[in-house]
Every structure is written in C-alpha cells, then in structure tokens.
Amino acid sequence: MNIIRLLKQRRNNRLFLKILGYFLSLLIPILIVGLFTYHYSLKIMKEDFDGRILSNLRSSSATVDFYIKTAQETALDFMNDDTIQSHLLPKAERTIEINSELWKVSRIIQRSENIVSVFTENMFVYIDDKEVFVNEGINSFDSFFSRLYRYDSFGPDYWREKLKSNKYIEILPASEIERQGGREPESVVPIVITNRIGTGNAVMVLNVSVSSIADALKGNAIFQSTRFIALDGEDRVVYNGAEGTDDGSLLATLHGLDDANWNTIETKWHDRSYIFSLVDSGLYGWKFYSVTPSSEFQKHTYSILQMTLLLCIVLLLMGVVFSFIFSASIYNPIRNIREVLMQRKELWSGDGLPDARMNEFELIKSGISKLYDSHSEYKSKSDRHASDYVEYMLLFLLKGHTIAQEEILVDALRSEYGFTKKRFICCTIRFDFQDAFYADIQDTDRQPLLEGIKKVVWHMTGERLPGYILHDAPNLFTGVFSAEDEGDIRALRTAFEQLLDIFGYDMNHYYDIAIGFGTICDSVNALGSSYNAALTAIGKSKSQERFRIVDANELEIGNRYFYSFFDEQKLLNLMNVGEGEGVTRVIDDVLEANSNRNISYEHRKLLFHELHRTCIRFLSEKGLEPKEALDGATLPPLRQDWNNAFLDMSEWRTWLIASFDAALDAVKQTQKGKSGDLASRITAFVQEHYREDLGLERIADEMGVSVKYVSRVFKEKSGVVLTDYINQVRIDKAKELLASTTMRINDIAEEVGIYSRTTFLRSFKKVEGMSPNEFRAMSRN
C-alpha cells in the first residue's frame, strides 16, 4: 500500500521515482548475462556433443581394429604351429603316417576358430587346389568353394590363384557367402593370410562377420538416431548403417568432406543437416563415419533454452519486486528525516520554511547544517568537561580497573592532548621531601608549589612526547604518555634527565627524586599494569642516589609473592615463645627473599598485608582485640588517609615490625610473671642445649617436674608442642650454618643435635618445604 501511495503521489515523490529508476536499470545486466549464458552454454554443449560422438566412434573403430588384428595374430600363430608346419602339406607330398594324423590340423583350426569366434563367421586353410581344411575335417577344393561355402564375389579359380600370391595379408572387399543346408546368406569381410610352409604357400582365410562390425560400431552409440559407415582401405563400403540411402550419393558427400581435413563437421545432405564424424584406422587404412541428425542436438539445447528463459523471467520479476521494496526502504527513512526536520520549527524561524522546489537531499542538508550550528554551543560546553573526564578515567585505570568503552577515552586523548600513537606508557615521579621542605615552606604554600611542579613536569615532557600528568598521591606524580617504540622511550628519558638537572640544581636540599619507567602497553585498559611496573621500578631504585631513573623493562619483575605456610608457622611459634628478635629475623628473611625475586609493587603490598594478617591471627588466638592491641601501630596502608601513599620497602618494614612488637607487648602484659615462669625456663634451656640429646625426660628432670606436666605447661603457655619447638630451633641453627659455611650436610646435622642424616633431611623438608641443598643454593643466589 505504501508503494502504491508513493506512485500516486509521484509529483511530490520525485526522489522515490529516481531511486526506483536506478534499481530498475540494474535489471539490464540480467538480460545481457542471460543471453551470454545461453550462447556460451550452447557452444560448450556443442563441443561436448561433438566430442562425445567422436570419442565413441574412436572406441568403436579401435574395437574393429582389434578384431582384425586378433584375426591376423591368430592366423600367424596357426601357421607357426609345429603340427601345422609338419602336417599341412600338399596331398601329393603327404605320407601315410601324416594322413593318419591330419585330424590334428582340424583340431588346431577348431581351437583357433574358438579364439576369434566372437567376430568371425568361420575360418579355413588350404595348401593346394585339392583339399580345404576346416574345423570339421577336409573338403574337396572345388566342392567347398562351389557348393559348401560359396562367395558371391570370388569363385574357385580366384582362391586357386591365391596359392600364387606373395602378399602376407590381404583384406578382401565385403562379400556374401552362401552355405549348404539352406542357411541364410551372410555378409563377411575375408581376411587372407598367405604363409610359406614347406615348398608351397598355405592360405588361411578368416571371415570377419559384417554384423559383428556393425555391433561394435552401434554398441558405443549415444543416440539411437546415429548411423555408421565403414570403408576399407580401397574406399569400398564394408558396412553402411545409413539405411535407405543412396551409397553413391553418400560416398560422394563423404569424399568431398575428406578434402577439408576434419574430424567432426556439420553439413547438409539430402536437404537435411547432419553431424559427420570421421576416424581413420591407422592400422589397416579403414575409415569409420558416424552420421547423426543435427535435430538430436537441438532436442537437447531446447531444454536449456527453456530453462534460461524461465530463469531470466524469474530474475526480472524478482528484480522488479525488489526494486520497489528497496526503493521504498531507502526513501522512507529519507522522507522521515525530512518530516522530522520540518517539524523542528525553531530551525526555520529566521529564514522561514524551505523552498518547495528543494528535493529531500537538499532539504536534509540545509536542516543538518542548521542542527550543527545550533549544537556548536553545546559542544563547546562539553569540551570544557573533557579534561575532568580524562583525569578521572585515568585515575580509575591506574588503580587496576578497566573500562568498557575505552575508545571514548582514546578519542579524548587524541583530540585534546595529541595522543596520535596506538600504545601507551606510565612513568611515576616520586618526591621524598626533606625536613627543610617542611621547615622553609609554609603549609598554605605547599599545594600551589606542587601544582607548579606538575606544570613544569608536564611542560618538560610535553616537548618530547604527548602526555598527561596526574598528581595522584601526596608525594607522587604519574605521567601517561603516547609512546610507540624504543625511540619514544629514549626521547622521554632525555626529557626526565633534563628535569632532574633542573630540580637538582635549584632545590636539591628540599627533596630526593626517583623516576620509574613502566612497560609499554597496547591499550588504555592495560595502564594499570604499566603503572604497577613503574611503582615497582621506584621501589627497586637505590636509596643512596638522590636523583635517579629506573626502567622496569630492565628488571625481572615477579608477579607472585612468596610467603609459605612454614614461614607463617615459624612466626607464630616465635611469637608464642615471645622471641621478638626471632620474629624480626624471620620477617627480614621473607622480605629479602621476595626482594631478590623483584616482586611487583602491588604484590609487595599484598605480602605486607598477609604478614600483618599473621599478626592479627596471633592476637586473635590469644583472645585479644587486635584493634586495641595495635593501637597506634597499624600499618599505614590500612589507614584510610594513607591509601594513596607510596611507601618503599623500609617504610613498610618499620611499621610491620612495630605491629609485631606491639602484639608481643600486649600478650606479655596479660601473662604475669612470664619472664620467670616454667615456659621461659624451658625455652632458655633448649636454646642453650639444642646440640645435646633433649629428651622430654631430661628436660623434666632439669625443671623438677613430670614429663606430662612439662609438655602440658609449655603447650599452654606457648601454643607450640615442645618437641616441635626443639626441632624448629635446630633447623634454624642449621639454616645459619648452611648459609654461612661450607660444612657438609652430615656435619651440620650433628652440629645441631640430629645424628641421623635421614631424620635431618626429613625434618628440614617438613619445616622449610625444601631440601638443605636447595636452601643453600637459594641463600647464596
């Protein structure tokens, strides 16, 4: 209905008619392609049609050649047979013994006749004009050719003359034979083979049946209307399957075509069009023709013509329908846009309604131009908020988050800050302010000073690479730069080196500066990883260098911290017995091991939180409130106001040790007289005598109590089984020897009071999670 309405309103819908005309013009190629397809298909099918006819005719001619060749080879085998050579003699020359075995000649004829029986009528042989040998025996020469096997073209005298022939093989013209017994005459092609046996010539005749030649030719015919003609080497008709035709006229036509050097040709004969195919037998000079009416090919092409025309008509109808549908589908949105623009009266308030002569495209162009002008003011307002948006999103990404529509941020960075490259890198600049800074700079002046530093950093780096500088922590600036390759990194490094020269010359007594280079990332969603790498690089910088640049790409940063169950259990055991120095030593060992592995800044924070949780767990197991026990010693990252602070390893360690010391003090205050109680005495005794045999009986004797009591009291006071504590002390001493000496494992085991190597290895693996040799190698690396 919409299409009909559009056609009725064609004066007002000129654009629709124009679009429809464009689509309908696309139907012209369908007609061209249809005609081309038909003629091309016709050509291909004609070539295929002629090729199939010629191929089948060649196959048929090869069959006939095979028949004749087989007959020749059979005759040759017959003549060369030893029995034939010795027994096939003229009647006057045969002895009584040979005459008695002449049945063998007939037997050999019968055997040879069986070989060629498919295509021969019969075969016979003679060596004089007295007798003729056949498969049934011996016949009189004159009687055989006059009555028993009479050729209409060759009499007895003709066959008698063949005894004098010097031709090895001769293919005679086709002839009919009449045989005694009332049998129907049959047309055959005699093949005469002459061969010397003894002092005379022997003649063998094989009669190839013309009907077998016809069957061979028609057996491969594709079409029933195809007829075949066979001519021998003398252009005599051997077989003419074109029934009802005049041989003379047909032969004249065929001979006329032979001069054109062809294999397949279409020509007229008797006012009808035929397709003639010719195959020459290279073996015996025969020619084979196939004659197919051209109407046979036309019957096949008629169906293709019908199919092509039908396909073209269907495509045209579909094209017309789709042209209307597509035209309406394209025009309706254009019309809707026009109507929407026309309804916006404020667009035309100044100029009035558009000219009626304007088409839809011109009207839409004018309306969009007015819309663009009306929204330009809104765009300028939105640009003022772009900077706030960029800073907020970058801070969000640096914390490890991701955003779904990163292309919006990338477009803002490209348009507002010149980020033309596809990759990014984070760099962090940490200022370690000295006491002079806080003494000389008034508190109200510090924030403006930091903003000035931010501008200087932005200006210095911006001369080398496009970037955005954030002041994301009290003592930390972060720069996000558009960098693609190593050349960009070198340019950025040069800018920071110049920055260090400026700050180091003017105000080197106020602060130290550490600059960390992160890794290049392929998207803004990976900025958190680059930021983490930059923070890690700062943490790995040498504190004795006041102004330094560290590149994370030159470090092997680990993304996993190492704090095993055995480390935690060791800390708890030492806390339970109140050994503050041992706790500090274990913490330092854990921190050093992770520092050697270059773990990232984020994983370093996770490690410190995990150590702090161990402290909380100890207090909870002792029934104390962690918040009250650690009042004033909580780790800075756990405080809300320190969440954005950057702390190096030494600062983390200071607060961590303070937390563990506070926890130990809180536990000691709840255990009166702990320094002189039984558990402390046991602990001191073990520390002094760990090299000796420390059975529970000996410890109980030393303490003056029972074995059961000493175990129970130590477990209650320390939370550790006494035997486990003894084993822990020995393993700790063994670790010191492994790390600081080259003593053998056996000697170390004896030195710490474990006299079985197997027991020592098992105990060490249980406590440390590795073998002594592995620990020694790790400690030295």
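Predicted model: local features only at pLDDT ≥ 70, side-chain atom pairs only at ≥ 80, totals over all residues.
## An antiparallel sheet

In what order do the five strands of the open antiparallel sheet stand? The order is 10-9-13-12-11. Helices and strands here are DSSP runs numbered from the N terminus (H or I with at least four residues for helices, E with at least two for strands), and two strands pair if DSSP finds at least two bridges between them. As a reminder, strands of a sheet pair through backbone hydrogen bonds, either parallel or antiparallel. At the edges of this sheet are strand 10 and strand 11 (264-269), each pairing on one side only. On average, neighbouring strands are turned by 25° against each other, direction ignored; axes are lines fitted to C-alpha atoms, for helices over the stretch in contact, and angles run from 0 to 180 degrees between N-to-C directions.

Let's walk through the pairs. Strand 9 and strand 10 run antiparallel and are joined by three bridges, with Val237 in strand 10 as the bridge partner of Leu231. Strand 12 and strand 13 pair over seven bridges in the antiparallel sense, and there Leu278 stands opposite Tyr289 in strand 13. These two strands make a hairpin with six residues between them, where Gly285 in the turn has a positive phi of about 80°. Strand 11 pairs with strand 12 over six bridges, again antiparallel, and Trp269 stands opposite Arg272 in strand 12. Their hairpin has two residues between the strands, and His270 in the turn has a positive phi of about 60°.

Residues are numbered from 1 along each chain as its sequence is written, and side-chain values use heavy atoms, with hydrogens and water left out.

The protein has a mean pLDDT (the predictor's confidence in each residue, from 0 to 100) of 78, and 82% of its residues reach 70 or more.

Helix 3 lies across strand 9, strand 11, strand 12 (272-280) and strand 13 (287-293), running at about 45° to strand 12. Helix 9 packs on the sheet too, touching strand 9, strand 10 and strand 13, and its direction makes about 55° with that of strand 10.

The largest nonpolar core has 45 residues. Such a core is a set of buried Ala, Val, Leu, Ile, Met, Phe, Trp, Tyr and Cys residues joined through side-chain atoms within 4.5 Å, and buried means under 20% relative accessible area, exposed over 50%, partly exposed in between (1.4 Å probe, protein chains only). Those with the most contacts inside this core include Phe78, Leu88, Ile213 and Trp286. Among the elements that each supply at least two residues are helix 3 (28-80), helix 9 (210-219), strand 9 (227-231) and strand 10 (237-240), and helix 3 gives the largest share, nine residues. Leaving aside neighbours within four places in sequence, the contacts of Trp286 include Val64, Ile68, Ile213, Leu231 and Val238. Apart from this core lies another, of 33 residues, among them Val577, Ile699, Phe714 and Ile726.

A second open sheet has five strands in the order 15-16-14-17-18, with mixed pairing. Strand 15 (467-473) and strand 18 (547-551) stand at the edges with a single partner strand each, so one side of each is left without a neighbour in the sheet. Strand 14 (residues 424-433) and strand 17 (residues 511-517) pair in the antiparallel sense over seven bridges, and Ile429 stands opposite Ile515 in strand 17.

Helix 18 lies across strand 14, strand 15, strand 16 (476-482), strand 17 and strand 18, at about 35° to strand 14. Helix 18 (residues 527-539) reaches 18 Å from its first C-alpha to its last, close to the 18 Å expected (1.5 Å times one less than its number of residues). Eleven of its 13 residues are buried, including Leu527, Tyr531, Leu535 and Ile538.

Methods
Contact = heavy atoms within 4.5 Å.
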